Amino acid sequence: MSEDAVLEKIKRYAEKYREATGTCFSPMQQVTDAVLLGLAHNMRELGRPLCPCNYYENKQEEIKHRRWLCPCDEMQMYKYCHCLLYVDSEGLPITEHLPEGHEGLQTYGLRPDPAPDKGRALRDRSNADLMDWYK
Ligand code: SF4
């Protein structure tokens, strides 16, 4: 599949997921474009939409776990997107569901979920001890 076709596929998927979760894309178009391009790049390179906003020692090893395949576990548990792809209407990440001590809360403060009835397919896992989970 060509580079453009992969990018279009990623864009279509992201738009559907954005709508399903009641979130917005960043009002800064260049932010959204950069994340989508990064996802498309990883999709072409690895065959999986690995989150482009982390450093991985070994990408091939990382994709064996699903936690950073977009939408990542953090998004599905807490509706928190640290790439700023899925955000609120002001372009900031939703932090309302994050557990105490998470860096997102410390960085952005409490940002309410504009659509709490949508998304968070893994919300049942959000009671797990995050401090262990995201090490
Ligand atoms: S932080 Fe999660 S939801 Fe946001 S772009 Fe990265 S993988 Fe996707």
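Author: The 18 residues of α2 should span 26 Å at 1.5 Å a residue, and the end C-alpha atoms of α2 are 25 Å apart, which agrees. The expected span of a helix is 1.5 Å times one less than its number of residues. Helices (H or I, at least four residues) and strands (E, at least two) are DSSP runs, numbered from the N terminus. This is a predicted model, in which local features need pLDDT of at least 70, side-chain atom pairs count only at pLDDT 80 or more, and totals for chains, interfaces and linings use all residues. Residues are numbered from 1 along each chain as its sequence is written.

Reader: Which residues of α2 are buried?
Author: T32, V35, L36, L39, A40, N42 and M43 are buried in α2. They cover an arc of only 160° around the axis, which puts them on the same side of α2. The arc is that of the directions from the helix axis to the C-beta atoms. A residue is buried if 20 or more other C-beta atoms lie within 10 Å of its own, exposed if 12 or fewer, and partly exposed in between, with C-beta atoms placed from the backbone.

Reader: What do the buried residues of α2 pack against?
Author: They pack against α1. Two residues are in contact if their C-beta atoms, placed from the backbone, lie within 7 Å. L36, for instance, touches L7, I10, K11 and A14, not counting residues up to four places away in sequence.

Reader: And which exposed residues does the other face carry?
Author: The face of α2 turned away from its buried side carries the exposed residues Q30 and E45.

Reader: Let us change topic. Why does L85 count as buried?
Author: L85 counts as buried because it has 27 C-beta neighbours inside 10 Å. L85 is found in the loop between α4 and α5 (103–108). L85 touches A14, F25, T32 and V35, again leaving out residues up to four places away in sequence.

Reader: Which residues in the largest nonpolar core touch the most other members?
Author: Of its 23 residues, these are I10, L36, L39, C51, Y80, C81 and L85. The largest share of this core, 5 residues, comes from α2. A nonpolar core is a set of buried Ala, Val, Leu, Ile, Met, Phe, Trp, Tyr and Cys residues joined through C-beta atoms within 7 Å.

Reader: Finally, which residues come nearest to the ligand?
Author: Of the 14 residues around the ligand, C51, C70, C72, M75 and C81 come nearest. A residue is near a molecule or strand if its C-beta atom, placed from the backbone, lies within 6 Å of it.
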